[in-house]
Amino acid sequence: MKYLAYLVAVVGVSSVVSLAVHTPPAQAQVAYGSYVGIGPTVGLSDGSQIGGVVAFRYKLLETPISLRAQALVGRGTAVVPTVSYDIPLNWQTDAYLGAGLVVASGNDPSPVGNKISFALQPGIDYMIPNSNTVIFGNAIIAFDAYRNSGGTAFSLQGGVGLRF
């Protein structure tokens, strides 16, 4: 009877060790949550310009894909819809790479040009724990973005969003 306590302890410890050895490690998932946000934008080509951005992300559940759109307003206006591949860095943070189009209006260049062009959008989203707040930042690289010169446009955006 005095060995029964030792036997129970050994079986219990070996069970815990066995579960720890055979349980696959937890992996971070893409941060859930679609959001709408606002912030500043800075166009860094064809002369610097400062403006504003309205950003939208719709997260497709159970896939690392998001639909995104940004409206950039500076001297001119542009809308940049993209599809992104999201890479989880931890439970609250995603890095992503998006591809899409710049749809610019008017003759005055927006922070990303004044012509319809192909765009790449690398960025990062951070979901603040225990809140509906998102901090986002990204760059937009628009190729052949200017009507007269055809050069590449580059802009940086960042801001704060509200998850839904």
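Me: Which residues line the largest cavity here?

Reply: Rolling a probe the size of a water molecule over the atoms shows where empty space is left. In this model, the lining of the largest cavity is made of Y35, A55, F56, R57, R68, A69, Q70, Y96, Q121 and N138. β2 and β3 (65-73) are the elements that give two or more residues to that lining. A cavity is a set of points, on a 1 Å grid over the protein atoms alone, where a 1.4 Å probe fits but cannot get out, and lining residues have an atom within 4 Å of a point. Strands are DSSP runs of E, at least two residues long, numbered from the N terminus.

Reply: Before we go on, this is a predicted model, where local features need pLDDT of at least 70 and side-chain atom pairs pLDDT 80 or more, while totals for chains, interfaces and linings use all residues. Residues are numbered from 1 along each chain as its sequence is written, and side-chain values use heavy atoms, with hydrogens and water left out.

Me: What volume does the largest cavity have?

Reply: About 40 Å³, counted as the space filled by probe spheres set on the points, which are joined across faces, edges and corners. The structure holds one cavity of 30 Å³ or more.

Me: And how many of its lining residues are nonpolar, polar and charged?

Reply: Five are nonpolar, three polar and two charged. Ala, Val, Leu, Ile, Met, Phe, Trp, Tyr, Cys and Pro count as nonpolar, Asp, Glu, Lys and Arg as charged, and the others, Gly among them, as polar.

Me: Take Q70 from that lining. Why does Q70 count as buried?

Reply: Because its relative accessibility is 5%, and buried means under 20% relative accessible area with a 1.4 Å probe, protein chains only. Q70 sits in strand β3, and its side chain makes a polar contact of 3.3 Å with that of Q121 (N or O atoms within 3.5 Å, one able to donate a hydrogen and the other to accept it).

Me: What fold do the strands make, and in what order do they run?

Reply: A closed barrel of eight, running β1-β2-β3-β4-β5-β6-β7-β8 with antiparallel pairing. Two strands pair if DSSP finds at least two bridges between them.

Me: Where does β1 pair?

Reply: On one side, β1 (residues 35-43) pairs antiparallel with β2 (residues 49-59) over nine bridges, and I38 stands opposite V54. β1 also pairs antiparallel with β8 (residues 153-163), over seven bridges, with T41 opposite Q157. β8 in turn pairs antiparallel with β7 (residues 133-143) over 10 bridges, where V134 faces G161.

Methods
Helix = DSSP H or I, 4+ residues; strand = E, 2+ residues; numbered from the N terminus. 1 Å grid on protein atoms, 1.4 Å probe; cavity = no way out; pocket = protein on both sides within 12 Å on 5 of 7 lines; lining within 4 Å. Buried < 20%, exposed > 50% of the residue type's maximum accessible area, 1.4 Å probe, protein only.
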